[in-house]
Amino acid sequence: MDFVIIDSVLIKCYGKDRDVAIPDGVTSIGDSAFQWRTKLTSITIPDGVTNICTRAFYTCSNLSSITIPNSVTSIGDGAFSKCESLKSITILGSATSIGDNAFSGCTRLKNITLSNGVTSIGDGAFYCCSSLTCITIPDGVTSIGNSAFRYCRSLTSITIPDGVTSIGKEAFSGCSSLTSITIPDSVTNIGDRTFSSCYSLKSITLPNDVTSIGNYMFYGCSKLKNFTIPDSITGIGHGAFSGCKSLTSITIPDSVTSIGKNAFSGCKRLTSITIPDSVTTIGSNAFSDCSSLTSITIPDSVTSIGDSAFSDC
């Protein structure tokens, strides 16, 4: 295979070789350098490469494994996106960030080892990695991006380390095999729809510094039976627990001031609920189709109740 290398940056390659070794002296694999090289099955990246740039290996659909050496500090957006045959990857040493959509659409990726130096996981980094069964998030990670693990349908459990402060919207949405997750006290912000459609999720605990349950955060979590709302929560978002058909009871703390529309709609096994004196607003359809609900206490503090808030109860 022939390479175009300018100032130690591999710009482009030509040829149809299946097994490729990047020449020594290359420090950066440029944008789209191997894009659409569908015959490529393996590649050797030498020590000395520090950057794997945007879409560098995009849609190398027969690439089955790769080891990223210690020298690499940055993995760009979409670097390995749609490498559909990629089954395992090891990121060694120095890499500090996983770019947006870096491994999105790697549908056969089962195992990945992240370097201890990683501090951020970008938006959609592992989006639709439907064969990924487990991943260890390094202790240095502080943020998990939007849709980072969305539709990782084989992921059964995950532990988020102390140090993570932010989990983006839809980060674990559609992880239909996820049964449990541990969120540390360091997390202060969790986005909308973060755990929506996690059909197998049975239990989860939110940390005490989270102040709101976002819109549709647990939408469709049909096996979620028990949930404790921390005293720090001031608002329950639209559709937050909609479709949680196994939820039997929930205690709303005195800190909550608003319950969003459709917040508990379709919670068919919910039998009773007490709304505290702090609540002023109950949104439309908030408890609609809670067909087992036999009693509810609404305090004098409530000044607004939306349309059909208790329809089909």
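Are Phe195 and Phe218 buried or exposed? In this predicted model, Phe195 is buried, as is Phe218. The points below take up this pair and other side-chain contacts.

1. Aromatic pairs. The structure holds 17 aromatic pairs. Tyr127 is partly exposed, its relative accessible area being 30%. Tyr151 is likewise partly exposed, at 24%.

2. The phenylalanine pair. The ring centres of Phe195 and Phe218 are 5.7 Å apart and the planes stand at 10°, so this pair is stacked. Phe195 is placed in the loop between strand E17 (189-190) and strand E18 (203-205), and Phe218 in the loop between strand E19 (212-213) and strand E20 (226-228); the pair therefore ties together parts that are 23 residues apart in sequence.

3. Side chains of opposite charge can pair when their charged atoms come close. The count comes to 2 salt bridges. In one of them, Glu170 pairs with Arg150, with 3.4 Å between the closest N and O atoms. Because Glu170 lies in the loop between strand E15 (166-167) and strand E16 (180-182) and Arg150 in the loop between E13 and E14, the pair ties together parts that are 20 residues apart in sequence. Both Glu170 and Arg150 are buried.

4. A partly exposed salt bridge. Lys268 and Asp289 form a salt bridge through their side chains, at 2.7 Å from N to O. The partners are 21 residues apart and link distant parts of the chain, with Lys268 in the loop between E23 and E24 and Asp289 in the loop between strand E25 (281-282) and strand E26 (295-297). Lys268 is partly exposed, with a relative accessible area of 33%, and Asp289 is partly exposed at 28%.

5. Surface charge. A patch of positive charge on the surface gathers Lys202, Lys223, Lys225, Lys245 and Arg269. Within this group, Arg269 is located in the loop between strand E23 (258-259) and strand E24 (272-274).

6. Gln35. This residue sits in the loop between strand E4 (28-29) and strand E5 (42-44). Gln35 counts as partly exposed, at 22% relative accessibility. Between the C-alpha atoms of Gln35 and Tyr199 the separation is 36 Å, and the two residues are 164 residues apart along the chain.

Definitions and conventions. Residues numbered from 1 in each chain as written. Predicted model: local features only at pLDDT ≥ 70, side-chain atom pairs only at ≥ 80, totals over all residues. Heavy atoms only, no water. Patch = residues over 30% accessible without salt bridge, like charges linked within 9 Å, V, L, I, M, F, W, Y side chains within 5 Å. Areas by Shrake-Rupley, 256 points an atom, 1.4 Å probe, with all protein chains shown as cover. Salt bridge = Lys/Arg side-chain N within 4 Å of Asp/Glu carboxyl O. Lys, Arg positive; Asp, Glu negative; His and termini not counted. Charge placed at Lys NZ, Arg CZ, Asp CG, Glu CD. Helix = DSSP H or I, 4+ residues; strand = E, 2+ residues; numbered from the N terminus. Phe/Tyr/Trp six-rings, centres within 6.5 Å; stacked < 30°, edge-to-face > 60°. Buried < 20%, exposed > 50% of the residue type's maximum accessible area, 1.4 Å probe, protein only.
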